[in-house]
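Subject: Structure for you to look at

Hello,

Here is the structure I promised to pass on. Please open it next to this email and read the two together.

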Amino acid sequence: MDRLSELPEPIQLHILSFLPMRYVVRTVILCKHWQRLWTNVQELYFSTEGFFPYEKYLAFVNRALICRGTCKIRRLRIELYLNALSPKDYEGWISYAATNNVEDLFLEFDTY
């Protein structure tokens, strides 16, 4: 067993809250405990870094939010490209945040 797995779950969740979601989701390969842990992280940060084309990023964000279900989210931060036309995704994320009582929603718009 690794040292991180020996830490109490609240500390593991706190550590994961500092990582972009693409890395948080990858923790499922560590062990069975980590397979469900990522869905309990309460501060989510979706970064466009490493995703190409942009549509793959949009699909990743949508799948990750669906997999989480209604687990509590304190902060939801999503990077977006201003030049990309995906209003249905943006509207869906805003609706998701409102429906799931997200405390802080940040949509960070950037240009290519």
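Below is what was found in it.

This is a predicted model: local features need pLDDT of at least 70, side-chain atom pairs count only at pLDDT 80 or more, and totals for chains, interfaces and linings use all residues. Residues are numbered from 1 along each chain as its sequence is written, and side-chain values use heavy atoms, with hydrogens and water left out.

Overall build

The chain has six helices and three strands. Both are DSSP runs, numbered from the N terminus: helices are H or I with at least four residues, strands are E with at least two. Starting at the N terminus, the order is α-α-α-α-β-α-β-α-β. Along the principal axes, the C-alpha atoms fill a box of roughly 45 × 30 × 20 Å.

Of the 112 residues, 38% are buried. Buried means under 20% relative accessible area, exposed means over 50%, and partly exposed is in between (1.4 Å probe, protein chains only). The accessible surface comes to about 7,000 Å², and 59% of this belongs to carbon and sulfur atoms. Areas come from the Shrake-Rupley method with a 1.4 Å probe; for residues, only the protein chains shown count as cover.

Contact means heavy atoms within 4.5 Å.

The core

In soluble globular proteins, nonpolar side chains tend to be buried together. Here the largest nonpolar core has 28 residues. Such a core is a set of buried Ala, Val, Leu, Ile, Met, Phe, Trp, Tyr and Cys residues joined through side-chain atoms within 4.5 Å. Leu44, Phe46, Tyr57, Leu65, Leu76, Ile78 and Trp93 have the most contacts inside it. The elements giving two or more residues are α2 (9-16), α3 (21-26), α4 (32-37), β1 (43-46), α5 (54-68), β2 (75-81) and α6 (87-99). Helix α5 gives the largest share, seven residues. Leu65 shows the packing: beyond four places in sequence, it touches Leu44, Phe46, Leu76, Trp93 and Tyr96.

Ser47 lies in the loop between β1 and α5. Thr48 lies in the loop between β1 and α5 too. Ser47 counts as buried, at 9% relative accessibility. Thr48 counts as buried at 10%. Leaving aside neighbours within four places, Ser47 contacts Pro20, Tyr57 and Glu79.

The cysteine in α5

Beyond four places in sequence, Cys67 touches Trp38 and Thr39. Its C-alpha atom is 22 Å from that of Phe52, 15 residues apart along the chain.

Salt bridges

The structure holds six salt bridges. The cut-off is a side-chain nitrogen of Lys or Arg within 4 Å of a carboxyl oxygen of Asp or Glu. Arg74 pairs with Glu43, the closest N and O atoms being 3.5 Å apart. Arg74 is in the loop between α5 and β2, Glu43 is in strand β1, and they are 31 residues apart. Glu43 also pairs with Arg75, at 3.9 Å. That pair links strand β1 to strand β2, 32 residues apart. Glu103 and Lys72 meet at 2.6 Å, N to O. Glu103 is in the loop between α6 and β3 (104-110) and Lys72 in the loop between α5 and β2, so this pair ties together parts 31 residues apart in sequence. Glu103 is partly exposed, at 48%. Lys72 is partly exposed, at 42%. Bridges with shared partners join Glu43, Arg74, Arg75 and Asp104 into one network.

A surface patch

Leu4, Leu7, Ile11 and Ile15 form a nonpolar surface patch with about 290 Å² of accessible area together. Patches are made of residues with over 30% relative accessible area and no salt bridge; like charges are joined within 9 Å, nonpolar side chains (Val, Leu, Ile, Met, Phe, Trp, Tyr) within 5 Å. Leu4 sits in helix α1 (residues 3-6). Leu4 is partly exposed, at 40%.

Best wishes
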